[in-house]
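Let's walk through this protein together, one question at a time. Have the sequence and the model ready.

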Amino acid sequence: MVVCASVPHHITAAFVPSWSDSPGSTGSIGVGIAVEPRLELCVGVRLSSRPALTAEKLLASEGLANLNDVTASNPLPWGFGYAVSGASAVAAAHLISALKGVPIMAELRKAHEVEVLDRTGLGDVLAISCGIGLVLRKSPGPPGVGSVDCIYMPRSLALLSVELGSMSTKDLLSQVSDEFYSESGTLIRRLEESMDIDTFLEGVRLMNDRLRAPQRLLGSRFDSFRSTPGLVSYYVKKCMIVLIVEADALYDAASYINKLGLPVRKLSASESPPFLR
């Protein structure tokens, strides 16, 4: 028997944590983009990697720790802001639900709790479970508790990322400023009033300019960066910059970023939530 869970990744643009005494009610509100390439976790077929630690913990909790033929594809690197941990947890939840016939919502709650306890994520399980394009987390918690909405990104837009260093989520949470949370709250409220792509694109760019987030990462190259062909908007997650560009200018934009001496990766907005195949 071959069963695979396929899930998108997620790059948060803005968030505000919500702490409680219980990991099940701890989480965050926020907004981000669900992206591909997708992570896959499979049983019965050999992929390139072992499951991530979050997935292994969930598998072990359901007595599947010795399931040696569970393998994973990890197309995006850990620690840069792609929510690889959260994607792994969601994939494991779907795989466990399929193999053991247990309710998916119960497994997703466990996935969220593992993320919170390990400080690897506060809202990625909720966001990835929605899994399409622009994702707005309106109240904290796991799927079934938290509230989330997601809408398709227009195909006239494309995504690039520039990875300038890795950082753990635990370190990120210890460094985030009150100003970031204030700006995040403002953007989230605007999107709750008007959940549309243009509001996000304008709001997230202005937020990052006010915080000088890309300037701190790029230094003297920032002015040149802003001249990227087809550039529509941008934001920073950890030490990574996400660029939203006109799809027709994707090749020129990627080439231009490379000529600035910056590493560039092509992504796409997810058009499907998690699924089994």
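Reader: What pattern do the disulfides of the protein chain follow, with bonded cysteines counted along the chain?

Author: Quick heads-up: this is a predicted model, where local features need pLDDT of at least 70, side-chain atom pairs count only at pLDDT 80 or more, and totals for chains, interfaces and linings use all residues. Residues are numbered from 1 along each chain as its sequence is written, and side-chain values use heavy atoms, with hydrogens and water left out. A disulfide here is a pair of cysteine sulfur atoms within 2.5 Å, and the structure holds 2 of them. Count the bonded cysteines along the chain and the pattern is 1-2, 3-4.

Reader: How many residues apart in sequence are the parts that C4 and C42 tie together?

Author: The sulfur atoms of C4 and C42 sit 2.0 Å apart, forming a disulfide. Helices (H or I, at least four residues) and strands (E, at least two) are DSSP runs, numbered from the N terminus. C4 is in strand β1 (residues 3-18) and C42 in strand β2 (residues 27-43), so the parts being tied are apart in sequence by 38 residues.

Reader: Does C239 count as buried or exposed?

Author: Buried means under 20% relative accessible area, exposed over 50%, and partly exposed in between (1.4 Å probe, protein chains only). C239 has 17% relative accessibility, so the label is buried.

Reader: And why does S220 count as exposed?

Author: You'll find S220 in the loop between α8 (213-218) and α9 (222-225). S220 counts as exposed because its relative accessibility is 74%.

Reader: How far does helix α7 reach from its first C-alpha to its last?

Author: Helix α7 covers residues 197-211, so 15 residues. The expected span is 1.5 Å times one less than the number of residues. For α7 that expectation is 21 Å, and the helix comes close to it, reaching 21 Å.

Reader: At the start of α7, which residue's side-chain oxygen reaches to the backbone nitrogen of D198?

Author: Look at the start of α7, where the backbone nitrogen of D198 has a side-chain oxygen within 3.1 Å. That oxygen belongs to D196.

How values were computed. Polar contact = N/O pair within 3.5 Å; in protein donor to acceptor, adjacent residues only side chain to side chain.
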